[in-house]
Amino acid sequence: MTIRVVIVDDQGMVRTGFGVLLNAQPDIEVAGEAADGAEGLRRVAELRPDVVLMDVRMPVMDGLEATRRLLADAGDGAPRVLMLTTFDLDDYVYEALRAGASGFLLKDASATELAEAVRVVAAGDALLSPSVTRRLIAEFSRLGGPRAPSRKRLEELTERETEVLGLVARGLSNGEIAGRLVVAEQTVKTHFGRILMKLGLRDRPQAIVYAYEVGLVRPGD
């Protein structure tokens with residue numbers, strides 16, 4: 001199945017370069033592009049891609065606001081959003097993940113890294129590196145304390161699911177969690193799928209944000 005992509009970036013050279021690299025892949029097609037967030041929303045509505053490469057800083061409407069609007073009421077049919085950046089992410093990680101972004105990609109990524117990132121998020125996984133997870137944890141530490149009003153939804157999770165969510169929030173991969181709990185990696189994937197369904201979350205980044213916001217995990221744990 002071909003993965004359809006829309007590139008939203010105010011730099012024409014970036015759009016062209018990424019377009020050439022992605023169209024060279026047998027399983028990826030660049031369906032369209034846009035130069036700012038507002039135009040990006042229109043193009044996504046028109047083209048209905050699987051993945052949106054979204055720049056953070058753009059005129060008219062930045063990538064964070066565009067991502068919020070794109071995913072706010074889109075439901076299961078929403079595309080996956082991969083944020084593009086050229087600089088340190090400290091100011092953007094938290095808000096981008098809260099908005100529903102599935103990960104981050106540096107603009108100097110190689111052709112292989114770019115294509116693999118698109119495939120990863122198109123498959124429903126998150127592109128969240130350990131360094132980004134550390135920044136996210138640091139941001140929660142700076143903000144101080146839980147921000148979500150209630151832990152009530154956590155009561156729907158089993159004891160094992162709560163344990164898995166806590167380990168995910170600490171930045172462990174499914175394989176690492178499986179080793180920690182002495183279970184098969186597929187079992188961890190099954191638990192995590194149920195966690196997302198019960199909590200109404202899209203993916204790993206949102207699960208991490210939720211776990212910190214309700215105080216299930218705290219920076220430094």
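The legends below describe close-up views of a predicted model.

**View 1. Asp-55 in strand E3.**
Asp-55 lies in strand E3, which spans residues 51-55. UniProt, in an unreviewed entry, places the feature "modified residue: 4-aspartylphosphate" at Asp-55. The relative accessibility of Asp-55 is 4%, so the residue counts as buried, the cut-off being under 20%.

**View 2. Contacts of Asp-55.**
With neighbours within four places in sequence set aside, Asp-55 is in contact with Val-8, Asp-9 and Asp-10, with Gly-63, with Met-83 and Leu-84, and with Lys-107.

**View 3. Helix H10, residues 204-213.**
Of the 10 residues in helix H10, 10 are buried, so the helix is largely enclosed by the rest of the structure. Gly-215 follows H10 and has a positive phi, near 85°.

**View 4. Gly-171 in the loop between helices H7 and H8.**
Gly-171 sits in the loop that joins helix H7 (159-169) and helix H8 (174-181). Its relative accessibility is 33%, so Gly-171 counts as partly exposed.

**View 5. Gly-171 and Pro-205.**
Along the chain, Gly-171 and Pro-205 are 34 residues apart. Their C-alpha atoms are separated by 9.9 Å.

Definitions and conventions. Residues are numbered from 1 along each chain as its sequence is written. This is a predicted model: local features need pLDDT of at least 70, side-chain atom pairs count only at pLDDT 80 or more; totals for chains, interfaces and linings use all residues. Side-chain values use heavy atoms; hydrogens and water are left out. Helices (H or I, at least four residues) and strands (E, at least two) are DSSP runs, numbered from the N terminus. Buried means under 20% relative accessible area, exposed over 50%, partly exposed in between (1.4 Å probe, protein chains only). UniProt positions are given in the numbering used here, feature names are shortened, and annotations may be inferred rather than shown by experiment. Contact means heavy atoms within 4.5 Å.
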